[in-house]
Amino acid sequence: GSAPGWFVMRADGGVAVALPGPPREMRPMWSDEAMPRLRARGLGAEMAVRTLRLTGIGESAVAEVLGEEMLRRPDPEVATYARLEAVDVRISASGMDAAGVAPQARVDAAADVVRDRLGEYIWAEGETTWADAVGDRLTARGWRLAVEEVGTAGQVAALFGDAAWLDLARVRPTTDAGTAPPDEEDGGLVARAAAVRDDAGTDVGLAVRVRPRGSEFAVSVATVTPDGERRQTRATYIGGAMGRSQAALIAAATLFESLGGRG
């Protein structure tokens, strides 16, 4: 490419670095040129970061459990972020502290506290997606998945994408969600999960049904695996497209638990 990289030393001691956007141009400029210059000026201190991903609990509840003392401390810094797919707890520290403790050790100690308080809700670390987490558990067992979803507008299939372990994603129209008999009365959703598994010849079947309930959706999820059956119904906190996206996340979390619990 022809885009230049700029390293500007300002008169007030500040530094401005501007690099091209394409990663194959930006990364070598940063690692080979910018970082050595920054380190020579005493900048670019070692930094450690861990992100714990939680489900089944809201950001405000996470903050309440962790407490003001932990969330307000400057080192290591502990912050919560509400994402569509998870509530993230990000822990970061940089440089050696006054006692000579490295940033990674300080971050790991804080992460242990978070795990002790919120471990039942943690399902992954870093930038792991639900497709990553589910795929890891399926692959570890040598299992493959088939999905049938009703009333979701295909959000479960969209969440899993073109994963190699997904053999069938059957999407039924929203109208089917209102006419199907309730799961609680006839166990019909478990039968759907078993049927889609048999149709695809896979090890695991997942069936999801979304139905309006006031301004929210009722999300019924059933899984059938070689280890047994699981069925539950939960509510989204919103309707429309966002509610259907949330329904897909509820389905992924239920499937993940069916494949061996939280991580």
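Helix α2 (residues 59-72) meets helix α3 (residues 103-118) through Val 62, Val 65, Leu 66 and Met 70 on the α2 side and Ala 110, Val 113, Val 114, Arg 117 and Leu 118 on the α3 side, contact meaning heavy atoms within 4.5 Å. By class, this contact holds 8 nonpolar, no polar and 1 charged residues; Ala, Val, Leu, Ile, Met, Phe, Trp, Tyr, Cys and Pro count as nonpolar, Asp, Glu, Lys and Arg as charged, and the others, Gly among them, as polar. The model is predicted, with local features needing pLDDT of at least 70 and side-chain atom pairs pLDDT 80 or more, while totals for chains, interfaces and linings use all residues. Residues are numbered from 1 along each chain as its sequence is written, and side-chain values use heavy atoms, leaving out hydrogens and water.

Turning to the sheet, 5 strands form an open, mixed arrangement in the order β8-β7-β9-β10-β11, where pairing requires at least two DSSP bridges between strands. Helices (H or I, at least four residues) and strands (E, at least two) are DSSP runs numbered from the N terminus. The edge strands, β8 (166-172) and β11 (228-235), each pair on one side only. Strands β7 and β9 run parallel over 6 bridges, and Val 147 has Leu 206 in β9 as its bridge partner.

Leu 206 also belongs to the largest nonpolar core, of 33 residues, where Leu 145, Phe 160 and Leu 206 touch the most other members. Such a core joins buried Ala, Val, Leu, Ile, Met, Phe, Trp, Tyr and Cys residues through side-chain atoms within 4.5 Å, buried being under 20% relative accessible area (1.4 Å probe, protein chains only). Helix α9 gives the most to this core, with 9 residues.

Terms used
Buried means under 20% relative accessible area, exposed over 50%, partly exposed in between (1.4 Å probe, protein chains only). Axes are lines fitted to C-alpha atoms, for helices over the stretch in contact, and angles run from 0 to 180 degrees between N-to-C directions.
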